[in-house]
Amino acid sequence: MSNKNAIQLDAVSKSFDGFKALSEASFTARWGEVHALLGENGAGKSSLMNIAAGLYAPETGSLFIDDNLVRLKGPLDASTQGIGMVHQHFKLVKPFSVAENILLGLRNDQALSFRQRLQQTAEEIKTTAARLGFTIDPFARVDQLSVAEQQRVEILKVLLAGARILILDEPTAVLTDAEAENLLTTVQNFAHQEGAAVILVTHKMNDVMRYADEVTVMRTGRTVASLKPQSVTVGELVKLTVGDAPTPPQVPASRAAGEVKLEVSELCSTNPNAPILRGVNLSLHAGEIYGIAGVGGNGQSELAGALMGLPEPVSGSMQLVGEGDLRDLSASRRRELGIACIPADRYSAALAAPLSISDNFAMGEIHSGRYGPFWFLRRRRIEADTAAAVSEFDVQGVRSLQQKAALLSGGNAQKLVIAREFSRQPQLVIVHSPSRGLDVRATLAVHQRLRSARDAGAAVLLISEDLDEVMALADRIGVMSAGRIIGEFAQPADRQAIGQAMVNHV
Amino acid sequence: MSLIASWIGNIPDFAVPFALAALGLIIIERSGVLALGAEGLMLVGAMSGIGASLMTDGSTVAALIMAMIAAAVVSQLFALMVLIMRINQVIAGLALVFFCQGLTGLCGTLMNWTSRPVSGLSDLSLWPLSELPVLGKLFIQDPVVYLTPIIFLLVVLVLNRTVLGLRLRAVGENPQAADAAGIPVLAYRCAAIAAGSALIGLAGAYISVLSTKMWLADMVGGRGWIAVALVIFARWSPWKALAGAVLFGCIEALIPQMAASGIRLPQYFVFMTPYAVTLGVMIWVAVASRDNSSQPGALGEPFIREERR
Amino acid sequence: MFDATNFQPLLARRYTLEVRQQMAWYWQALVIALALLVGLLISAAILVVAGVPAGELLNEFVILTLFDAQSLRAVLFQAAPLIMVGLAGCVAFRARFWNLGLEGQMIWGAIGATAISLFEIGPPSMRLPLMLLSAVVCGLIWALAPVLLKLHLKVNEIISTLMLNYIALNFLLHLVYGDWKDPRDNFPYSPQYRVFERLPDVFDGLSLAIVLATLVAFLVLWFTNVSRAGLYLRFVDNSPGVARAVGVPVNRVILGTVLLSGALAGLAGFMITAGQEGRLTHSFYVGYGFSGILIAFLARNQPIAATVVALLVATLFVAGRSLQVFYQIPFSMVQLIQAILVICVASSEFFIRHRIRRIQGGQS
């Protein structure tokens, strides 16, 4: 390995609306190595790499490629410099074929007709795919490919555009273990055998330990360390990424569960084009947390949507014991019964970002008439209740109750949702990925709320793609795959076995 | 019999403005910009066509070209609003219509162009097709009628069979992907707005210069909006839009025929039919096909790169 | 490694755009005021080009319309229906419903009121309230179809309301050129309303219409800001998805609000026929539909602001009429000025929502 510098970012800063996403971050990757960029959500990894790929312009700092100072005017410039980035959200034109997608980014001025160029591109796709060790149909429509296949299209796209520095943003987040291993082996070969530079943006320790030659750790917009993963333990790496924050406790305190509260049987999607749910059966008891684990995209969002009363086309039943089907309950009745919902995407299902904190909070009790009859709102009472809840649930960053909910950080917005949903003693809690995008401290607070709701006798259904979270909270664990619950595990459960169940069943 | 023949002969006259306007809208909307301004741009085309014709002593070709240029120039105001200022595309489209209505009303009066006749273009007959019974009159038309299918063919070829078209569609489907592929999204959208608007301007000029042969304030009379509805009905496909335009041409061509035939129907109810049919078609489309798969993926969304949250 | 920051060429300075979360209200007001000023200057320039002497312009607009009691009364008189359509725009847009059918709903309101007069329904003392009620109901019904079509079939309301405008307009022409034509002369209008069918002056030339309009503005303010429906509406307006998820009866809120919008537009039709014209004419609605949208947009859907903006637009209307009389400037000029103002203010939002910043250094 030559080990010359491939790409170097020096003291790069960038802020968004006053929020400093990057402050003086520096990063160097060498030819022939897989370089991991490790950090928690929001640590600035993606921002830094978007600057390297020419998507964002940095405010200060400089970029070197092959030790030459360069200035990127845009992604096209990055591409001519041999930098290619595969984004977390694929940048593919869905109704186009694989070849059309790849042709889009190519610049060749040969006097060929459109058809000939498409044919030529298709040949190149086949050759390059074969070199990397997989096959792909160049004329398949992208929206008919699986996620793993779409990712390969992305990789082919940047490689055919001539990339020698390959940036992969969270490439394994959407893949099963087997697919992830496959991908990482492929890119490792690309670096080691062809001498390219591969940058792996990730928050997964295992990927780093197994595949990276070098790792740079980021925390709150800064690069805090750059080292060889072999030289440290996982524990040390964790400590570098999360800082001195306390580590989450491992096993939830168990307690005898009560009678059955919610009985879901044969829940199926009725949309024939997207039969995502294929017969979900589960029963949830009072005083327990039932965790649903699984690789994302196996029906978790649809299940959560159906249970939370969103317009999700489903058949089957969701019996709330003694009250009938969840679907038949009005919004006000759901509130009266103490059904609390904490959706995964706060700003598309729980909080209206442009509205004030008190307006958002008021929705919790608006139906009961506590805040006045239909023709009159009792603003003072709303404000008093909101103020009380904000202090009780420790929602920070509230300068005024009239301030937009959008100005709250992720963790505090989540606390506001919980404050509203838990304003009555909750009886049934449906939670989807409650700690997504939260820092460690906020996550702990949220978990504590869920545990205390359970200990007060509520039935809690926790749906999460984060296995660590499910392991830490749930009393029973169901594994979801291809729209079904394919196995149940009681705590203390074997993490390995659950992981196997998540990926093996198809 | 002669009534049917003259009805059929009149259809292209009424269908061409719908067809050209819808095609212009399709070009703009395929680039991901929601274009509601057709009504206004057609007015600009209609007025400047007459204006150019009057000022150049009846050169119709110059008039049509002027109309296309004028509409393309005015459309850049819309481009500025939606591409640079990132104004909501519905508001920008409406503002453009109102702006054009005011502007054409003002200019038409101040320049004293209202109700002054122009010569138009003489009809070309395609022998021997023009000798066909009943359908013959379909082949005695002005040159723009014959040009319309050719324009459609060219646009379809460019959209589907060239790299330029591929890029334009990519910009409309997924501007982020197009941007990452190095395509200048805003430049493509701006060009699409200009090119589409030129066609819409031609559609307007067709009404004034070739059909009625004079300018009247607000003479487009909602045809631009019907074209917007046609595009939705055609699911952004040019050929279906052409078919829809012919359908509306048939209906509109029927109105003068009914008066001529002596059928006693309240005339204002007859005038309502194109609008009622549009409404009916919108409902039918909504009931028949609920999928939005053929709609450009990024229609109506401004393209923003350097922003977050 | 050398320090690149010492090698900054001057050209490397670049500008970027950022999204701004909030801007103090007084800065926002200043930006909008500047935008309005720019719009007015452009309009003035157009008028000068169109042949109005620049000195006369100031005279015409400011002095004659605002400092003359007669003109001021005309402005107030003109403002009442404009306030109504402005409010109609405000509530519909708050429900995210592009009600471009204000003119159609106005036409139906006027037809409804005229029908009561024409067929002499009810005793004379009850005639005016009955006409008002009829106008409100007719306007509301004309708004019913597009909102139901949108809620149940997702039919684009921009197209449907516009098409219904043309249908209403043709129906109006059918009436005023046909059965409802005043038999006494040959113009396209209905017979004159009787005295007790016209909105009276409350005192010194101040029409009841403007009093009614102010009252309705406060009722709408109550609806949007004090009632629970207003809170629901804020959710529907800002995040429809969230509204549904947190239990707002979204469809019912949209239905009710759009019907209110139609009713207000119907009321505007009533105010013009019973207040200004005293009969149903063939072109009474011209320009109001657009003005309603403009007022709502400039007022950011706030009822009280809409009332103020409506007064300004009324000034423009009155001034526009005198320009028409004295300088033969067509009334389209009023529409052009309004469009220019909308474009300027809409563009100014860009500066409110974004921050332009210079990057010190850039990437070299």
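Trainee: What makes A:D455 count as partly exposed?

Mentor: A:D455 has 36% relative accessibility, and the rule calls a residue buried under 20% relative accessible area, exposed over 50% and partly exposed in between (1.4 Å probe, protein chains only), so A:D455 counts as partly exposed. Before going on, note that this is a predicted model, in which local features need pLDDT of at least 70 and side-chain atom pairs count only at pLDDT 80 or more, while totals for chains, interfaces and linings use all residues. Residues are numbered from 1 along each chain as its sequence is written, chains are lettered from A and ligands numbered from 1 in the order in which they are written, and side-chain values use heavy atoms, with hydrogens and water left out.

Trainee: How do you know that A:R454 and A:D455 form a salt bridge?

Mentor: A salt bridge requires a side-chain nitrogen of Lys or Arg within 4 Å of a carboxyl oxygen of Asp or Glu, and the closest N and O atoms of A:R454 and A:D455 are 3.2 Å apart, so this pair meets the rule. A:R454 itself is buried, because its relative accessible area is 1%. Over all chains, the count by this rule comes to 28 salt bridges.

Trainee: What makes A:R131 and A:E194 a pair that ties together separate parts of the chain?

Mentor: Their closest N and O atoms are 3.0 Å apart, and the two residues form a salt bridge. A:R131 lies in helix α4 (residues 114-132) of chain A and A:E194 in helix α6 (residues 177-194) of chain A, so the pair joins parts that are 63 residues apart in sequence. Helices here are DSSP runs of H or I with at least four residues, strands are runs of E with at least two, and both are numbered from the N terminus.

Trainee: How do you know that the span of helix α13 of chain A is close to the expected one?

Mentor: The expected span is 1.5 Å times one less than the number of residues. Helix α13 (residues 379-392) of chain A has 14 residues and reaches 20 Å from its first C-alpha to its last, close to the 20 Å expected.

Trainee: Why are the buried residues of α13(A) said to lie on the same side of the helix?

Mentor: The buried residues in α13(A) are A:I382, A:D385, A:T386, A:A389 and A:V390. They cover an arc of only 135 degrees around the axis, which puts them on the same side of α13(A); the arc is that of the directions from the helix axis to the C-beta atoms. The face turned away from that buried side carries the exposed residues A:R380, A:S391 and A:E392. What covers the buried residues includes α12 (357-362) and α14 (410-421) of chain A.

Trainee: What makes the phi of A:D394 worth a remark?

Mentor: Most residues other than glycine have a negative phi. A:D394 is not a glycine, yet has a positive phi of about 60 degrees. A:D394 follows α13(A), is placed in the loop between α13 and α14 of chain A, and is partly exposed, with a relative accessible area of 38%. A:D67 also has a positive phi, of about 65 degrees, although it is not a glycine, and is found in the loop between β4 (60-65) and β5 (68-70) of chain A.

Definitions and conventions: Contact means heavy atoms within 4.5 Å.
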